[in-house]
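Subject: Handing over the structure

Dear colleague,

I am passing the structure on to you with this email, and my notes on what was found in it follow below. Please read them with the structure open beside you.

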Amino acid sequence: MNSRSALRAILLGGLVAGTIDIGAASAISERSPILILRVIAGGILGRASLQGGAATAILGLFLQWAMALIIAAIFVGAARYLETLRRHWLLAGIAYGVPVYLVMNFVVVPLSAWHRMPAITPYNVIANLLAMLLFGAIVSWFASGIRDSR
C-alpha cells in the first residue's frame with residue numbers, strides 16, 4: 001500500500017468535502033458562510049461565537065477541516081482493507097454519509113458547547129442528510145484510487 005496515496009485521499013477528500021459542506025450548510029440555512037463558520041466555532045466557544053470576528057470564523061474553518069479530515073481518515077482507513085469500498089465507491093460513500101449525519105447531528109452537536117439537538121423537520125433532515133451523502137461520496141471518490149494495504 002502506498003501510504004502517500006492514502007494520505008493524499010484523506011487530505012483531498014477531507015478538505016474538499018469539508019469546504020463544500022460549508023457551502024451546503026450556507027445554502028440549506030440561507031445564511032452566510034462566515035456565519036456558518038462562527039456557528040461551527042460555537043462548538044467550542046458556545047453562543048459567544050456568534051459575536052466573533054474573523055478569528056472566530058477562522059477557528060470555525062479549522063474545526064470544520066479537522067472534523068472533515070477525521071471523517072475522511074476513517075473511510076480511507078477502511079477502504080485500504082476493503083476493496084469493495086473502493087470498487088463501489090459511490091454506493092459506499094453514500095452509505096458512509098448516513099452514519100456521518102447521525103454522529104454529527106446526534107452525538108457531536110449535543111456534546112458541543114451548543115448542547116442542543118438538531119431541529120427535526122422533514123426539510124432539515126432531508127437537506128442535511130443529502131449534504132452528508134454528498135460529503136461521503138466526495139471522500140469515497142478520493143479513496144477509490146488507493147491500493148489494498150495487505
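A search of the whole structure finds 1 cavity of 30 Å³ or more, where a cavity is a set of points, on a 1 Å grid over the protein atoms alone, at which a 1.4 Å probe fits but cannot get out. This is a predicted model, in which local features need pLDDT of at least 70 and side-chain atom pairs count only at pLDDT 80 or more, while totals for chains, interfaces and linings use all residues. Residues are numbered from 1 along each chain as its sequence is written, and side-chain values use heavy atoms, with hydrogens and water left out.

The largest cavity holds about 40 Å³ of space, a volume being the space filled by probe spheres set on the grid points, which are joined across faces, edges and corners. Its lining, meaning residues with an atom within 4 Å of a point, consists of Ala17, Ile20, Asp21, Ala24, Ala131, Leu134, Phe135 and Ile138. The elements that give two or more residues to this lining are α1 and α6, helices here being DSSP runs of H or I with at least four residues, numbered from the N terminus. By class, the lining of the largest cavity divides into 7 nonpolar, no polar and 1 charged, with Ala, Val, Leu, Ile, Met, Phe, Trp, Tyr, Cys and Pro counted as nonpolar, Asp, Glu, Lys and Arg as charged, and the others, Gly among them, as polar.

The largest pocket has a volume of about 1,100 Å³; a pocket, unlike a cavity, is an open set of points with protein on both sides within 12 Å along at least five of seven lines. It is lined by 37 residues, of which Ala25, Val39, Asn105, Val109 and Asn128 are the closest to its centre. At least two lining residues come from each of α1 (3–29), α2 (33–45), α3 (54–81), α5 (89–111) and α6 (122–143), and the classes in the lining of the largest pocket are 27 nonpolar, 7 polar and 3 charged.

Asn105 is found in helix α5 and is buried, because its relative accessible area is 16%, where buried means under 20%, exposed over 50% and partly exposed in between, with a 1.4 Å probe and protein chains only. A polar atom of the Asn105 side chain lies 3.0 Å from the backbone oxygen of Tyr101. Tyr101 also counts as buried, at 7% relative accessibility.

Tyr101 brings us to the aromatic rings. The count comes to 3 aromatic pairs, under a rule by which rings of Phe, Tyr and Trp (its six-membered ring) pair if their centres lie within 6.5 Å, with planes under 30 degrees apart taken as stacked, over 60 as edge-to-face and the rest as tilted. Tyr101 and Phe106 form an edge-to-face pair, at 6.2 Å centre to centre with 80° between the planes, and Phe106 is partly exposed, at 31% relative accessibility. The pair of Trp141 and Phe142 is edge-to-face because the planes stand at 80°, with the ring centres 4.9 Å apart. Trp141 counts as partly exposed at 46% relative accessibility.

Arg86 is found in helix α4 (residues 83–87) and counts as buried, at 10% relative accessibility.

Two loop residues have positive phi values. Glu30, in the loop between α1 and α2, has a phi near 55° although it is a residue other than glycine, and it is exposed, with a relative accessible area of 71%. His115, in the loop between α5 and α6, has a positive phi of about 50° and is not a glycine either; His115 counts as exposed, at 61% relative accessibility.

With best regards

Technical notes: Polar contact = N/O pair within 3.5 Å; in protein donor to acceptor, adjacent residues only side chain to side chain.
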